Every structure is written in C-alpha cells, then in structure tokens.
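Work through the exercises below with the structure open beside you. Try each task before reading its solution.

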There are 2 protein chains.
Amino acid sequence: MSRRVHVAYTPRELDGPMDVAIVVDVIRASTTIVTLVERGCRPLLLSATVHRARQARAAAPDLLLIGEQGALPPEGFDLGNSPVEVARAAVAGRGAALVTTNGVPAIHAAAQAGTVLVGCLRNARAVAEAAWAAAPEGGEIVIVCAGRAENPGGFGLDDAYGAGVLVGRLQGLGATTLTDAAEAARLLTVAEPDPLALFRRSAAGRNVTRLGLGDDVVFCAEVDRTTVVPRVGVDLVLLS
Amino acid sequence: MSRRVHVAYTPRELDGPMDVAIVVDVIRASTTIVTLVERGCRPLLLSATVHRARQARAAAPDLLLIGEQGALPPEGFDLGNSPVEVARAAVAGRGAALVTTNGVPAIHAAAQAGTVLVGCLRNARAVAEAAWAAAPEGGEIVIVCAGRAENPGGFGLDDAYGAGVLVGRLQGLGATTLTDAAEAARLLTVAEPDPLALFRRSAAGRNVTRLGLGDDVVFCAEVDRTTVVPRVGVDLVLLS
C-alpha cells in the first residue's frame, strides 16, 4: 500500500492527470466550503464569477449568495466568505452559490483529477483518509494550493502550511513517496507546530485580521474538528 | 535601511522588474559557477545550449567547455557541471563556456533585473551583502530558484533551502519585509539546520549521488567558504 504525494503551490503548476486532488485555500475558501457542507448546505454551487452566481439566483430565488471580492461580500450577497459567519447562519437544507477570488478558481482548475476533494485544517484527518481511499495503489495524490493571486508568485503561506499538515496525515496512513515540494510543505509544520502563529504571519491572515475578521483566522487554524469531506460531483457542483 | 525580500521557486514565476536577483541552483550549477570564478576562470560564458557552446569553442579554441546534459558532460566537453571537479582542474586564467539544464537558463530568465548575482551556500554571506548593497533603500531582492524541470512543478528542495539560508543572511543585515514565499523558505532552515541532511533527501541530491558524485553534494552543503560573488556583466557573460 503506497501513494505518491505532491504539492502544487499554485494551480498554474498543474500540468497533467491526477488520481486525486485535494484543493486547499485555508484562509478562507476551503474552510468556508467544509463548514457549509458540515452545516447541511446543499447543493453548493461553486461559481467562477459574481455575474454567474447572480444569474443562478435569478433562476432559483431561494439560492443563497455567498462569497467575496477583495475579501468582502459583493453587493446583494447574503453572506461573506467567512467560515465563522456561515457557521452561525441558517444554511441547513438550503442551496447556495459561492464565489471567491482564489479558492473557487483553484477547484475549477483541479477538475481534471479523477477525484476532487476540498481540504483544510478542520477536516485534515478526514480528507487525508478519503484521498488515500480514492487513490489506487501506487497512485498520486496532489494537494493543490489555491495560493493568493495578490501575492508575488501567487504563493500563499497558509495554504503551503495546510498542505504540509495534510502530507503529515497521509504519511500516517501508509507508505508514501514525497516529491521535493511535498517534503518542503511538511517541513513547514516541523518548523512551526502552531498553525495560528503561522497564519497570523501570512499575508492572507494579516489581510483578514486587518478587516476585523480575526475570528476567521482562529477558526481556520483549528485542526480535526469535522469528518466532512466535500467532493466535486457529490456535494459540490462547478458552475462555470 | 530596509529591503523587501521575495523567493521565486521557479523562474517561470518571474513577472516584473526586480532591483536585484540572486539566482540559486545549489546542486549544482550555482556552486559550480561560484567555484569557477573563485578559481580564476574568466571570462565565463553562460550558454543556453550545447550547440552554442561548441560554436563559441570553434571560434576560440582555448575555451574550456564545461557542463551537463542529464547530469553528465556532453560529448567533447572538458569538465562536468561538478564543483568538486572544477575545483581540482586548471581553470585559472582560462575562459570557459558553461551549459546546464536548469541553472544557466534561470540566470538568463533573471537577466531583466538591475543586478544579477549568483548565490549558493558557499558564498551565502557574501552574496547577501552584495545584494543588499546593490538594492536601493526600500528596493526588492528576489532570490530566483532555478528549480528542477525534471521535478513535478519544477520545485527543487535544495534551491528552496538555499534561498532560505540567503533570506536568513539578509535578515541579519537590516530591516526586511518578507513575502509569504520568503518566509516559507526561511522556515525550511528552521526545520532542518543541517544542509547536508536535507540535500541528501532532495531529488537533485539523490540523483547526483546515484551517479557516483556524492562528493559534490557534500561540497554544495558547505556554508560561507568564499567571498566571491559572480555578477552578470562583470564575471559572467550571457551567450544566448
């Protein structure tokens, strides 16, 4: 029983078939998605644009509009891309369209994989187990960091760190072969065992805190709080 | 006195002007280049292709041909891309053309910077000091990892680690603002203080060792052994 494990630090690096992709945008889209599915929001449509999400609501007025542009909700949206906010909202049994700057496009970019899962720290163990089970013997699991288009090179420290946590979880499940990029991600978690301390240093964490949403950073840094594993084609529908 | 510091994990990420670029291909091109310049090899022509290097020798028969394709010297070359081999060879006062798979193309890709330096562990402190001095107050120093085209995503663990060592040296010189990518590189050196242990885990280190050139990995892992800082336009000539 073995698996190859790789980390793509931005979706632009994806360049071929993958057995399983785990998309991470820890602060905040993948944490928001995990929380929405955990709270019973279904179906969850992942919309590439604000315009497309508004079209979907025009066709289905009960649909919630959730998301951000520049980290804040676009006009007329019901909820922001805030895991703390969606955890408190009445979303059970309701459908929603989600729009975000980096995370949703990354999930679209990873759609070429045989199985596409959404991961964050809150479902770390569960998403690692689901990815392991979905990959064939000797197959490849790619952790796809959404990154942060606003950062130089698109590299996001929070996502790289989240990827490192998932690499560690996968190593706990059986024999793994790590690429150089996967080993580097793992080393981040060796250097800094406290996710919250690291997230507060990241550009995404500093930006969210500056906007008064520091509770989101704390929520995103909590590990293994749920066994929910959102899956494209099951819990999530891509709306392009 | 402050500087912004960024790490590009592959040359593909470069997307704009830079005040100063430090190109690193620790195992082995940037270590070879530093060693050649240290031993008095001048001029050192960095050739994008084997064909172009052979043309240069046809025009100047005294020119040494140095380099690799698939980690080994192409036919008719005098020396490999091996810092241990070039350190022992009679290169003082001789010109050479160097061809490598990742390092030389990365230096060509970084040529847009105002100042282009070549760094490795052996000149870590010296190249950091030269970069600091060459950047204006508030200016940007970009450490450009050659990476490894043969690796998934092109990410090279040895180069990322070397970049982290240089980030640490730059922090010792004055106030710095680190991008997310620069902070991640720095954390690699916190997680693993021993360069040689890390290099032996990297794909580049394993490949060089497999070819019987493990002495090169040891040589590349030695820190602060020289104050030589090769500079494009001074010690190095780009041959495209």
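**Exercise 1. Find by what turn and shift chain B can be laid on chain A, and say how the two copies are related.**

Solution. The model is a predicted one.

**Exercise 2. Decide through which surface the copies meet.**

Solution. Of the interface residues of chain B, 100% are also interface residues in chain A, so the copies meet through the same surface.

**Exercise 3. Describe how helix α7 of chain A packs against helix α7 of chain B.**

Solution. Step one: in each of the two chains, α7 covers residues 180-191. The axes of the two helices are 8 Å apart and the packing angle is about 70°. Step two: angles of 65 to 115 degrees count as roughly perpendicular, and this angle therefore makes α7(A) roughly perpendicular to α7(B). Step three: α7(A) and α7(B) cross in the left-handed sense. Step four: list the residues that meet. From α7(A) they are A:Ala184, A:Leu187, A:Leu188, A:Val190 and A:Ala191; from α7(B) they are B:Ala184, B:Leu187, B:Leu188, B:Val190 and B:Ala191. Step five: sorted by class, this contact has ten nonpolar residues, no polar ones and no charged ones.

**Exercise 4. Give the strand order of the open sheet in chain A and explain which strands stand at the edges.**

Solution. Step one: the sheet has five strands, in the order β6-β2-β7-β1-β8 (chain A), with parallel pairing. Step two: β6 (115-119) and β8 (175-178) of chain A have a single partner strand each, so they stand at the edges with one side lacking a neighbour in the sheet. Step three: on average, neighbouring strands of the sheet are turned by 25° against each other, direction ignored. Step four: take one pair as an example. β1 (residues 2-8) and β7 (residues 140-145) of chain A pair in the parallel sense over five bridges. In this pair, A:His6 stands opposite A:Val142 of β7(A).

**Exercise 5. State which strands of chain A helices α1 and α5 lie across.**

Solution. Step one: α1 (residues 29-38) of chain A lies across β2 (20-24) and β6, at about 100° to β6(A). Step two: α5 (residues 124-134) of chain A lies across β1, β2, β6, β7 and β8, at about 170° to β6(A).

How values were computed. Residues numbered from 1 in each chain as written. Chains lettered and ligands numbered in written order. Predicted model: local features only at pLDDT ≥ 70, side-chain atom pairs only at ≥ 80, totals over all residues. Heavy atoms only, no water. Pairing = 2+ DSSP bridges. Helix = DSSP H or I, 4+ residues; strand = E, 2+ residues; numbered from the N terminus. Axes fitted to C-alpha atoms, helices over the stretch in contact; angles between N-to-C directions. Contact = heavy atoms within 4.5 Å. Parallel < 35°, antiparallel > 145°, perpendicular 65-115°, else oblique. Left-handed = near helix turned anticlockwise from the far one by under 90°. Nonpolar A, V, L, I, M, F, W, Y, C, P; charged D, E, K, R; others polar. Least-squares fit on C-alpha atoms with pLDDT ≥ 70 in both.
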